[in-house]
Amino acid sequence: MKSLTLKSSSTGALLGLLLMVVSLFASPTFAQEAPAAQAVAAAAAEAAPAVAATPNKGDTAWMLISTVLVLFMIVPGLALFYGGLVRAKNMLSVLMQVMVGASLIFVLWSIYGYTVAFTPGNPFFGGFDKLFLAGITPDSVAATFSKGVVIPELVFVAFQGTFAAITAALIVGSVAERMKFSAVLLFLVIWFTFSYLPVAHMVWYWDGPDAITDAASLETVLGNAGFLWAKGALDFAGGTVVHINAGVAGLVAAYFVGKRVGYGREAMTPHSLTLTMVGAAMLWVGWFGFNAGSNLEATGLAALAMTNTLFACSAAVLSWLAGEWVLKGKPSMLGAASGAVAGLVGITPAAGFVGLNGALIIGLVAGLVCLWGVTGLKRLLKADDSLDVFGIHGLGGIVGALLTGVFASPELGGMGVYDYVANKTAEGYSIATQLYVQAEGVLVTLVLSTVVSVIALLIVKVVVGLRVSEEEEREGLDISSHGEKAYYM
(Lines give C-alpha, C1' and ligand atoms only; values in the text may rest on other atoms or scores of the structure.)
Protein backbone atom coordinates (compact mmCIF):
# COMPACT_ATOMS: atom_id res chain seq x y z
CA MET A 1 0.00 0.00 0.00
CA LYS A 2 1.45 3.33 -1.05
CA SER A 3 0.42 6.94 -0.62
CA LEU A 4 0.71 10.19 -2.47
CA THR A 5 -0.41 13.67 -1.55
CA LEU A 6 1.08 16.86 -2.95
CA LYS A 7 2.10 19.85 -0.85
CA SER A 8 3.35 23.33 -1.72
CA SER A 9 5.70 25.58 0.24
CA SER A 10 4.00 27.98 2.64
CA THR A 11 3.78 31.57 1.62
CA GLY A 12 3.26 32.42 5.28
CA ALA A 13 6.56 30.97 6.47
CA LEU A 14 8.08 34.41 7.18
CA LEU A 15 5.03 35.53 9.16
CA GLY A 16 5.10 32.33 11.20
CA LEU A 17 8.79 32.77 11.98
CA LEU A 18 8.25 36.38 13.04
CA LEU A 19 5.45 35.38 15.40
CA MET A 20 7.64 32.71 17.00
CA VAL A 21 10.45 35.22 17.57
CA VAL A 22 8.02 37.67 19.18
CA SER A 23 6.64 34.96 21.46
CA LEU A 24 10.14 33.99 22.63
CA PHE A 25 10.92 37.55 23.76
CA ALA A 26 7.54 38.14 25.42
CA SER A 27 7.81 37.65 29.21
CA PRO A 28 5.16 35.77 31.23
CA THR A 29 4.41 38.97 33.17
CA PHE A 30 3.72 40.91 29.98
CA ALA A 31 1.49 38.11 28.77
CA GLN A 32 -0.55 38.23 31.96
CA GLU A 33 -0.86 42.02 31.85
CA ALA A 34 -1.94 42.10 28.20
CA PRO A 35 -4.31 39.15 27.60
CA ALA A 36 -5.94 40.89 24.65
CA ALA A 37 -2.61 41.26 22.81
CA GLN A 38 -1.78 37.64 23.63
CA ALA A 39 -5.09 36.47 22.19
CA VAL A 40 -4.52 38.47 19.00
CA ALA A 41 -1.05 36.95 18.56
CA ALA A 42 -2.39 33.43 19.18
CA ALA A 43 -5.16 33.93 16.65
CA ALA A 44 -2.69 35.22 14.08
CA ALA A 45 -0.40 32.25 14.66
CA GLU A 46 -3.33 29.84 14.27
CA ALA A 47 -4.45 31.54 11.06
CA ALA A 48 -0.96 31.48 9.49
CA PRO A 49 -0.36 28.54 7.13
CA ALA A 50 1.88 25.81 8.51
CA VAL A 51 5.43 25.59 7.25
CA ALA A 52 5.68 22.90 4.59
CA ALA A 53 7.48 19.70 5.51
CA THR A 54 10.97 19.25 4.07
CA PRO A 55 12.17 15.89 2.77
CA ASN A 56 14.69 14.13 4.98
CA LYS A 57 17.96 13.45 3.16
CA GLY A 58 18.13 9.93 4.55
CA ASP A 59 14.65 9.05 3.28
CA THR A 60 15.43 10.61 -0.07
CA ALA A 61 18.69 8.69 -0.41
CA TRP A 62 16.95 5.44 0.49
CA MET A 63 14.26 5.98 -2.14
CA LEU A 64 16.85 6.83 -4.79
CA ILE A 65 18.65 3.58 -4.01
CA SER A 66 15.38 1.61 -3.96
CA THR A 67 14.47 2.94 -7.39
CA VAL A 68 17.80 1.82 -8.80
CA LEU A 69 17.37 -1.60 -7.16
CA VAL A 70 13.99 -2.13 -8.83
CA LEU A 71 15.45 -1.11 -12.18
CA PHE A 72 18.21 -3.65 -11.51
CA MET A 73 15.46 -6.27 -11.17
CA ILE A 74 14.32 -5.58 -14.74
CA VAL A 75 17.60 -5.14 -16.58
CA PRO A 76 19.57 -7.23 -16.10
CA GLY A 77 17.74 -9.36 -13.48
CA LEU A 78 14.46 -10.40 -15.10
CA ALA A 79 15.99 -10.34 -18.59
CA LEU A 80 18.67 -12.87 -17.64
CA PHE A 81 16.29 -14.98 -15.56
CA TYR A 82 13.90 -15.30 -18.50
CA GLY A 83 16.67 -15.46 -21.10
CA GLY A 84 18.33 -18.47 -19.52
CA LEU A 85 15.04 -20.37 -19.50
CA VAL A 86 14.41 -20.24 -23.25
CA ARG A 87 16.24 -22.04 -26.04
CA ALA A 88 19.44 -20.43 -27.28
CA LYS A 89 17.84 -19.38 -30.58
CA ASN A 90 15.39 -17.14 -28.68
CA MET A 91 17.69 -15.65 -26.06
CA LEU A 92 18.01 -12.20 -27.65
CA SER A 93 14.30 -11.98 -28.40
CA VAL A 94 13.52 -12.30 -24.69
CA LEU A 95 16.18 -9.75 -23.75
CA MET A 96 14.69 -7.38 -26.33
CA GLN A 97 11.12 -7.83 -25.13
CA VAL A 98 12.07 -7.18 -21.52
CA MET A 99 14.34 -4.19 -22.15
CA VAL A 100 12.32 -2.49 -24.88
CA GLY A 101 9.00 -3.28 -23.21
CA ALA A 102 10.19 -1.68 -19.98
CA SER A 103 11.51 1.35 -21.87
CA LEU A 104 8.15 1.76 -23.59
CA ILE A 105 6.32 1.71 -20.27
CA PHE A 106 8.71 4.28 -18.76
CA VAL A 107 7.87 6.69 -21.58
CA LEU A 108 4.14 6.10 -21.24
CA TRP A 109 4.46 6.52 -17.47
CA SER A 110 5.94 9.98 -17.92
CA ILE A 111 3.29 11.01 -20.44
CA TYR A 112 0.07 9.84 -18.78
CA GLY A 113 0.70 6.81 -16.55
CA TYR A 114 1.67 8.66 -13.41
CA THR A 115 -1.20 11.11 -13.51
CA VAL A 116 -3.80 8.38 -14.10
CA ALA A 117 -2.47 6.24 -11.25
CA PHE A 118 -1.53 8.83 -8.60
CA THR A 119 -3.70 11.93 -8.86
CA PRO A 120 -7.26 12.50 -7.62
CA GLY A 121 -10.02 11.44 -9.94
CA ASN A 122 -12.53 8.75 -9.08
CA PRO A 123 -12.32 5.37 -7.33
CA PHE A 124 -11.02 3.66 -10.47
CA PHE A 125 -8.53 6.03 -12.10
CA GLY A 126 -7.00 9.44 -11.52
CA GLY A 127 -7.15 12.69 -13.43
CA PHE A 128 -5.02 14.35 -16.07
CA ASP A 129 -3.59 17.31 -14.16
CA LYS A 130 -0.10 15.81 -14.33
CA LEU A 131 0.03 14.90 -18.01
CA PHE A 132 3.66 14.94 -19.16
CA LEU A 133 4.46 15.38 -15.43
CA ALA A 134 3.20 18.96 -15.59
CA GLY A 135 3.99 21.05 -12.53
CA ILE A 136 6.38 18.55 -10.96
CA THR A 137 9.64 20.24 -10.00
CA PRO A 138 12.61 19.35 -7.77
CA ASP A 139 10.75 21.17 -4.97
CA SER A 140 7.52 19.16 -5.32
CA VAL A 141 6.96 16.63 -2.56
CA ALA A 142 4.92 13.48 -2.01
CA ALA A 143 3.64 12.11 1.27
CA THR A 144 4.80 8.92 2.95
CA PHE A 145 2.90 6.94 5.60
CA SER A 146 3.88 9.23 8.49
CA LYS A 147 2.28 12.58 9.18
CA GLY A 148 4.56 15.45 8.34
CA VAL A 149 7.07 13.26 6.49
CA VAL A 150 7.56 13.74 2.75
CA ILE A 151 9.92 12.74 -0.06
CA PRO A 152 10.66 14.51 -3.36
CA GLU A 153 7.85 13.81 -5.81
CA LEU A 154 10.33 13.16 -8.60
CA VAL A 155 11.78 10.15 -6.79
CA PHE A 156 8.25 8.88 -6.15
CA VAL A 157 7.51 9.22 -9.87
CA ALA A 158 10.63 7.26 -10.80
CA PHE A 159 10.10 4.61 -8.11
CA GLN A 160 6.54 3.94 -9.17
CA GLY A 161 7.60 3.95 -12.81
CA THR A 162 9.89 1.00 -12.18
CA PHE A 163 6.94 -0.94 -10.76
CA ALA A 164 4.89 -0.31 -13.87
CA ALA A 165 7.79 -1.32 -16.11
CA ILE A 166 8.59 -4.60 -14.39
CA THR A 167 4.92 -5.58 -14.27
CA ALA A 168 4.65 -5.25 -18.04
CA ALA A 169 7.96 -7.05 -18.55
CA LEU A 170 6.78 -10.03 -16.49
CA ILE A 171 4.02 -10.78 -18.98
CA VAL A 172 6.38 -11.53 -21.88
CA GLY A 173 7.52 -14.74 -20.19
CA SER A 174 4.16 -16.37 -20.91
CA VAL A 175 4.43 -15.91 -24.69
CA ALA A 176 8.17 -16.28 -25.11
CA GLU A 177 9.54 -17.90 -28.27
CA ARG A 178 6.55 -17.34 -30.59
CA MET A 179 4.87 -13.92 -30.27
CA LYS A 180 5.64 -11.12 -32.71
CA PHE A 181 7.77 -8.30 -31.30
CA SER A 182 5.32 -5.69 -32.63
CA ALA A 183 2.41 -7.61 -31.07
CA VAL A 184 4.15 -7.70 -27.69
CA LEU A 185 4.67 -3.93 -27.70
CA LEU A 186 1.14 -3.08 -28.85
CA PHE A 187 -0.38 -5.42 -26.27
CA LEU A 188 1.69 -3.84 -23.49
CA VAL A 189 0.51 -0.35 -24.42
CA ILE A 190 -3.17 -1.33 -24.24
CA TRP A 191 -2.86 -3.51 -21.14
CA PHE A 192 -0.78 -0.95 -19.24
CA THR A 193 -3.33 1.77 -19.96
CA PHE A 194 -6.50 -0.10 -19.09
CA SER A 195 -5.39 -2.70 -16.54
CA TYR A 196 -2.21 -1.69 -14.74
CA LEU A 197 -3.10 1.97 -14.20
CA PRO A 198 -6.64 1.39 -12.86
CA VAL A 199 -5.48 -1.37 -10.49
CA ALA A 200 -2.59 0.78 -9.22
CA HIS A 201 -5.01 3.65 -8.58
CA MET A 202 -7.60 1.43 -6.91
CA VAL A 203 -5.09 -0.20 -4.57
CA TRP A 204 -2.58 2.54 -3.79
CA TYR A 205 -4.06 6.01 -4.22
CA TRP A 206 -5.17 8.08 -1.24
CA ASP A 207 -4.72 11.69 -0.09
CA GLY A 208 -2.05 10.79 2.46
CA PRO A 209 -1.90 10.80 6.27
CA ASP A 210 -1.75 14.57 6.70
CA ALA A 211 -5.24 14.84 5.21
CA ILE A 212 -6.63 12.81 8.14
CA THR A 213 -7.19 14.77 11.35
CA ASP A 214 -10.57 13.53 12.57
CA ALA A 215 -13.42 11.22 11.62
CA ALA A 216 -14.89 13.70 9.17
CA SER A 217 -11.63 14.19 7.29
CA LEU A 218 -11.16 10.42 7.21
CA GLU A 219 -14.47 10.08 5.42
CA THR A 220 -13.31 12.67 2.89
CA VAL A 221 -10.07 10.76 2.30
CA LEU A 222 -11.98 7.50 1.86
CA GLY A 223 -14.24 9.21 -0.65
CA ASN A 224 -11.27 10.40 -2.68
CA ALA A 225 -9.25 7.18 -2.44
CA GLY A 226 -8.95 4.29 -4.84
CA PHE A 227 -11.74 1.73 -4.75
CA LEU A 228 -9.79 -1.05 -3.02
CA TRP A 229 -7.78 1.24 -0.73
CA ALA A 230 -11.04 2.68 0.59
CA LYS A 231 -12.28 -0.82 1.34
CA GLY A 232 -9.17 -1.50 3.41
CA ALA A 233 -7.29 -3.84 1.07
CA LEU A 234 -3.67 -4.38 2.16
CA ASP A 235 -1.01 -4.59 -0.55
CA PHE A 236 2.33 -3.33 0.65
CA ALA A 237 4.33 -3.67 -2.56
CA GLY A 238 2.21 -5.13 -5.34
CA GLY A 239 0.72 -8.58 -4.83
CA THR A 240 -2.39 -7.52 -6.73
CA VAL A 241 -1.08 -4.56 -8.72
CA VAL A 242 2.03 -6.33 -10.04
CA HIS A 243 1.92 -10.10 -9.70
CA ILE A 244 -1.72 -11.15 -10.00
CA ASN A 245 -2.27 -8.48 -12.65
CA ALA A 246 0.67 -9.67 -14.77
CA GLY A 247 0.11 -13.37 -14.10
CA VAL A 248 -3.47 -13.30 -15.36
CA ALA A 249 -2.51 -11.27 -18.42
CA GLY A 250 0.24 -13.77 -19.22
CA LEU A 251 -2.10 -16.75 -18.92
CA VAL A 252 -4.71 -15.17 -21.18
CA ALA A 253 -2.02 -14.26 -23.71
CA ALA A 254 -0.69 -17.83 -23.68
CA TYR A 255 -4.15 -19.14 -24.59
CA PHE A 256 -4.62 -16.59 -27.37
CA VAL A 257 -1.17 -16.96 -28.94
CA GLY A 258 -1.26 -20.74 -28.74
CA LYS A 259 1.33 -23.35 -27.91
CA ARG A 260 4.86 -23.35 -29.28
CA VAL A 261 5.54 -25.51 -32.31
CA GLY A 262 6.47 -28.94 -31.01
CA TYR A 263 5.26 -28.24 -27.46
CA GLY A 264 4.81 -31.53 -25.62
CA ARG A 265 6.66 -33.45 -28.34
CA GLU A 266 10.06 -31.79 -28.57
CA ALA A 267 12.55 -30.97 -25.82
CA MET A 268 12.34 -27.30 -24.81
CA THR A 269 14.86 -27.28 -22.00
CA PRO A 270 16.45 -24.05 -20.73
CA HIS A 271 19.64 -23.26 -22.61
CA SER A 272 21.50 -21.74 -19.61
CA LEU A 273 20.48 -22.41 -16.04
CA THR A 274 23.63 -20.53 -15.05
CA LEU A 275 22.15 -17.32 -16.44
CA THR A 276 18.81 -18.14 -14.85
CA MET A 277 20.46 -18.50 -11.45
CA VAL A 278 22.33 -15.22 -11.93
CA GLY A 279 19.08 -13.53 -12.91
CA ALA A 280 17.26 -14.98 -9.89
CA ALA A 281 20.02 -13.71 -7.59
CA MET A 282 19.71 -10.23 -9.12
CA LEU A 283 15.96 -10.34 -8.59
CA TRP A 284 16.48 -11.28 -4.94
CA VAL A 285 18.85 -8.36 -4.37
CA GLY A 286 16.67 -5.90 -6.24
CA TRP A 287 13.57 -7.06 -4.39
CA PHE A 288 14.83 -5.40 -1.23
CA GLY A 289 14.28 -2.09 -3.00
CA PHE A 290 10.95 -3.35 -4.30
CA ASN A 291 9.57 -4.31 -0.88
CA ALA A 292 11.50 -2.26 1.68
CA GLY A 293 11.41 0.77 -0.63
CA SER A 294 7.62 0.60 -0.65
CA ASN A 295 7.69 1.90 2.91
CA LEU A 296 8.79 5.24 1.37
CA GLU A 297 10.86 6.00 4.48
CA ALA A 298 14.10 4.66 5.94
CA THR A 299 12.54 3.46 9.20
CA GLY A 300 12.14 0.31 11.26
CA LEU A 301 9.18 -0.68 9.10
CA ALA A 302 11.45 -0.66 6.04
CA ALA A 303 13.81 -2.90 8.01
CA LEU A 304 10.89 -5.23 8.75
CA ALA A 305 9.96 -5.40 5.07
CA MET A 306 13.58 -6.10 4.15
CA THR A 307 13.98 -8.88 6.72
CA ASN A 308 10.64 -10.44 5.79
CA THR A 309 11.79 -10.49 2.17
CA LEU A 310 15.01 -12.27 3.14
CA PHE A 311 13.28 -14.91 5.26
CA ALA A 312 10.31 -15.60 2.98
CA CYS A 313 12.52 -16.06 -0.06
CA SER A 314 14.80 -18.47 1.78
CA ALA A 315 11.87 -20.46 3.16
CA ALA A 316 10.34 -20.80 -0.30
CA VAL A 317 13.62 -22.08 -1.77
CA LEU A 318 13.64 -24.85 0.83
CA SER A 319 9.96 -25.76 0.57
CA TRP A 320 10.05 -25.87 -3.24
CA LEU A 321 13.15 -28.08 -3.21
CA ALA A 322 11.68 -30.35 -0.54
CA GLY A 323 8.54 -30.82 -2.62
CA GLU A 324 10.55 -31.37 -5.79
CA TRP A 325 12.83 -33.85 -4.02
CA VAL A 326 9.82 -35.88 -2.92
CA LEU A 327 8.04 -35.72 -6.30
CA LYS A 328 11.01 -36.14 -8.65
CA GLY A 329 13.67 -37.70 -6.48
CA LYS A 330 16.18 -34.89 -7.10
CA PRO A 331 16.35 -31.20 -6.13
CA SER A 332 17.21 -28.94 -9.10
CA MET A 333 18.84 -25.58 -9.66
CA LEU A 334 15.81 -24.53 -11.68
CA GLY A 335 13.67 -25.45 -8.69
CA ALA A 336 15.80 -23.39 -6.31
CA ALA A 337 15.66 -20.33 -8.59
CA SER A 338 11.92 -20.73 -9.12
CA GLY A 339 11.35 -21.19 -5.40
CA ALA A 340 13.25 -18.00 -4.65
CA VAL A 341 11.02 -16.02 -6.99
CA ALA A 342 7.90 -17.69 -5.58
CA GLY A 343 8.86 -16.63 -2.05
CA LEU A 344 9.60 -13.09 -3.17
CA VAL A 345 6.24 -12.88 -4.90
CA GLY A 346 4.38 -14.31 -1.91
CA ILE A 347 5.83 -11.86 0.60
CA THR A 348 5.40 -8.79 -1.62
CA PRO A 349 1.88 -7.79 -0.50
CA ALA A 350 2.65 -8.69 3.12
CA ALA A 351 6.18 -7.34 3.55
CA GLY A 352 5.39 -4.43 5.86
CA PHE A 353 2.29 -5.88 7.48
CA VAL A 354 3.36 -9.24 8.91
CA GLY A 355 5.87 -10.34 11.52
CA LEU A 356 8.97 -12.42 10.91
CA ASN A 357 7.31 -15.75 11.68
CA GLY A 358 4.43 -14.86 9.40
CA ALA A 359 6.94 -14.20 6.62
CA LEU A 360 8.50 -17.63 7.10
CA ILE A 361 5.12 -19.33 6.84
CA ILE A 362 4.14 -17.32 3.77
CA GLY A 363 7.42 -18.30 2.11
CA LEU A 364 6.96 -21.98 2.92
CA VAL A 365 3.39 -22.00 1.61
CA ALA A 366 4.22 -19.98 -1.51
CA GLY A 367 7.03 -22.35 -2.43
CA LEU A 368 4.81 -25.44 -2.29
CA VAL A 369 1.76 -23.84 -3.91
CA CYS A 370 3.78 -22.40 -6.79
CA LEU A 371 5.51 -25.77 -7.31
CA TRP A 372 2.03 -27.23 -7.79
CA GLY A 373 1.18 -24.26 -10.01
CA VAL A 374 3.93 -25.03 -12.53
CA THR A 375 3.27 -28.79 -12.47
CA GLY A 376 -0.25 -29.95 -11.59
CA LEU A 377 -2.17 -26.73 -12.26
CA LYS A 378 -0.32 -26.10 -15.52
CA ARG A 379 -1.39 -29.50 -16.82
CA LEU A 380 -4.99 -28.83 -15.81
CA LEU A 381 -5.04 -25.46 -17.55
CA LYS A 382 -3.47 -26.93 -20.72
CA ALA A 383 -1.82 -23.62 -21.59
CA ASP A 384 1.73 -23.14 -22.84
CA ASP A 385 2.69 -20.52 -20.27
CA SER A 386 6.32 -20.70 -21.41
CA LEU A 387 8.08 -19.40 -18.31
CA ASP A 388 5.30 -20.06 -15.77
CA VAL A 389 4.27 -16.47 -15.19
CA PHE A 390 0.85 -17.42 -13.86
CA GLY A 391 2.07 -20.45 -11.92
CA ILE A 392 4.59 -18.34 -9.99
CA HIS A 393 3.50 -14.71 -10.14
CA GLY A 394 -0.25 -15.10 -10.47
CA LEU A 395 -0.64 -17.95 -7.99
CA GLY A 396 2.08 -16.63 -5.66
CA GLY A 397 0.42 -13.22 -5.65
CA ILE A 398 -2.94 -14.75 -4.73
CA VAL A 399 -1.38 -16.76 -1.89
CA GLY A 400 0.47 -13.72 -0.58
CA ALA A 401 -2.54 -11.40 -0.80
CA LEU A 402 -4.78 -13.78 1.12
CA LEU A 403 -2.21 -14.71 3.76
CA THR A 404 -1.55 -11.02 4.34
CA GLY A 405 -5.05 -10.83 5.78
CA VAL A 406 -4.19 -13.63 8.19
CA PHE A 407 -0.70 -12.77 9.39
CA ALA A 408 -1.21 -9.01 9.57
CA SER A 409 -3.16 -9.75 12.74
CA PRO A 410 -1.38 -8.36 15.83
CA GLU A 411 -2.26 -11.59 17.61
CA LEU A 412 -0.07 -13.43 15.09
CA GLY A 413 2.77 -10.93 15.26
CA GLY A 414 1.53 -8.63 12.50
CA MET A 415 1.29 -4.86 12.38
CA GLY A 416 -2.50 -4.69 12.16
CA VAL A 417 -4.23 -1.73 10.52
CA TYR A 418 -3.19 1.82 11.39
CA ASP A 419 -5.76 4.32 12.67
CA TYR A 420 -4.67 7.75 11.38
CA VAL A 421 -7.30 9.55 13.46
CA ALA A 422 -5.99 8.14 16.74
CA ASN A 423 -2.42 7.87 15.38
CA LYS A 424 -1.98 4.30 16.58
CA THR A 425 -2.69 0.74 15.52
CA ALA A 426 -6.43 0.17 15.32
CA GLU A 427 -8.01 -2.14 17.85
CA GLY A 428 -10.20 -5.14 17.11
CA TYR A 429 -8.43 -6.60 14.05
CA SER A 430 -10.61 -9.30 12.46
CA ILE A 431 -8.86 -11.93 10.33
CA ALA A 432 -12.15 -13.02 8.76
CA THR A 433 -13.08 -9.47 7.79
CA GLN A 434 -9.64 -8.70 6.37
CA LEU A 435 -9.57 -11.99 4.47
CA TYR A 436 -12.84 -11.02 2.80
CA VAL A 437 -11.41 -7.66 1.79
CA GLN A 438 -8.23 -9.29 0.49
CA ALA A 439 -10.27 -11.79 -1.53
CA GLU A 440 -12.25 -8.93 -2.98
CA GLY A 441 -9.04 -7.25 -4.12
CA VAL A 442 -7.83 -10.50 -5.70
CA LEU A 443 -11.13 -11.01 -7.53
CA VAL A 444 -11.30 -7.45 -8.87
CA THR A 445 -7.76 -7.73 -10.21
CA LEU A 446 -8.41 -11.14 -11.78
CA VAL A 447 -11.53 -9.97 -13.57
CA LEU A 448 -10.18 -6.63 -14.77
CA SER A 449 -6.90 -8.04 -16.05
CA THR A 450 -8.70 -10.90 -17.81
CA VAL A 451 -11.20 -8.64 -19.57
CA VAL A 452 -8.60 -6.08 -20.61
CA SER A 453 -6.21 -8.77 -21.81
CA VAL A 454 -8.86 -10.45 -23.98
CA ILE A 455 -9.87 -7.17 -25.61
CA ALA A 456 -6.25 -6.08 -26.08
CA LEU A 457 -5.29 -9.38 -27.71
CA LEU A 458 -8.26 -9.24 -30.06
CA ILE A 459 -7.19 -5.75 -31.14
CA VAL A 460 -3.57 -6.82 -31.58
CA LYS A 461 -4.62 -9.85 -33.61
CA VAL A 462 -6.51 -7.65 -36.06
CA VAL A 463 -3.90 -4.88 -36.27
CA VAL A 464 -0.55 -6.73 -36.49
CA GLY A 465 -1.23 -10.41 -35.83
CA LEU A 466 -0.16 -12.33 -32.73
CA ARG A 467 2.58 -14.76 -33.65
CA VAL A 468 5.37 -15.37 -36.09
CA SER A 469 5.12 -17.98 -38.83
CA GLU A 470 6.06 -21.61 -38.16
CA GLU A 471 9.21 -21.19 -40.27
CA GLU A 472 10.29 -18.13 -38.27
CA GLU A 473 9.58 -19.87 -35.01
CA ARG A 474 11.63 -22.91 -35.96
CA GLU A 475 14.51 -20.70 -37.07
CA GLY A 476 14.35 -18.80 -33.80
CA LEU A 477 13.17 -15.28 -33.07
CA ASP A 478 16.70 -13.97 -32.62
CA ILE A 479 17.38 -14.27 -36.34
CA SER A 480 13.87 -14.06 -37.78
CA SER A 481 12.75 -11.02 -35.74
CA HIS A 482 16.01 -9.20 -34.93
CA GLY A 483 18.60 -10.40 -37.43
CA GLU A 484 21.21 -11.33 -34.83
CA LYS A 485 22.18 -14.15 -32.51
CA ALA A 486 23.00 -14.35 -28.82
CA TYR A 487 25.91 -16.68 -29.45
CA TYR A 488 28.29 -16.92 -32.41
CA MET A 489 30.29 -20.13 -32.22
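Does Ser-217 count as buried or exposed, and at what relative accessibility? In this predicted model, in which local features need pLDDT of at least 70, side-chain atom pairs count only at pLDDT 80 or more, and totals for chains, interfaces and linings use all residues, Ser-217 counts as buried because its relative accessibility is 12%, where buried means under 20% relative accessible area, exposed over 50%, and partly exposed in between, with a 1.4 Å probe and protein chains only. Residues are numbered from 1 along each chain as its sequence is written, and side-chain values use heavy atoms, with hydrogens and water left out.Ser-217 lies in helix α8, which covers residues 215–224; helices (H or I, at least four residues) and strands (E, at least two) are DSSP runs, numbered from the N terminus. When its neighbours within four places in sequence are left aside, Ser-217 is in contact with Ala-211 and Ile-212, contact being defined as heavy atoms within 4.5 Å.

The protein chain as a whole contains 18 helices and 5 strands, and buried residues account for 54% of its 489 residues. Of the contacts in the protein chain between residues at least 6 apart in sequence, 79% join residues at least 24 apart.

Helix α10, formed by residues 239–257, has 19 residues and reaches 26 Å from its first C-alpha to its last, close to the 27 Å expected at 1.5 Å a residue, the expected span being 1.5 Å times one less than the number of residues. Helix α10 is mostly covered, with 17 of its 19 residues buried, and it is followed by Gly-258, whose phi is positive, near 95°.

Helix α12 (residues 300–328) and helix α13 (residues 333–347) pack at an angle of about 135°, and their axes are 7 Å apart; axes are lines fitted to C-alpha atoms, for helices over the stretch in contact, and angles run from 0 to 180 degrees between N-to-C directions. The angle therefore makes α12 oblique to α13, given that angles under 35 degrees count as roughly parallel, over 145 as roughly antiparallel, 65 to 115 as roughly perpendicular and the rest as oblique. The residues that make the contact include Ala-312, Cys-313 and Ala-316 of α12, together with Gly-339, Ala-340 and Gly-343 of α13.

Cys-313, one of the α12 residues in this contact, counts as buried because its relative accessibility is 0%. Cys-370 likewise counts as buried, at 0% relative accessibility. The structure holds 0 disulfides, a disulfide being a pair of cysteine sulfur atoms within 2.5 Å.
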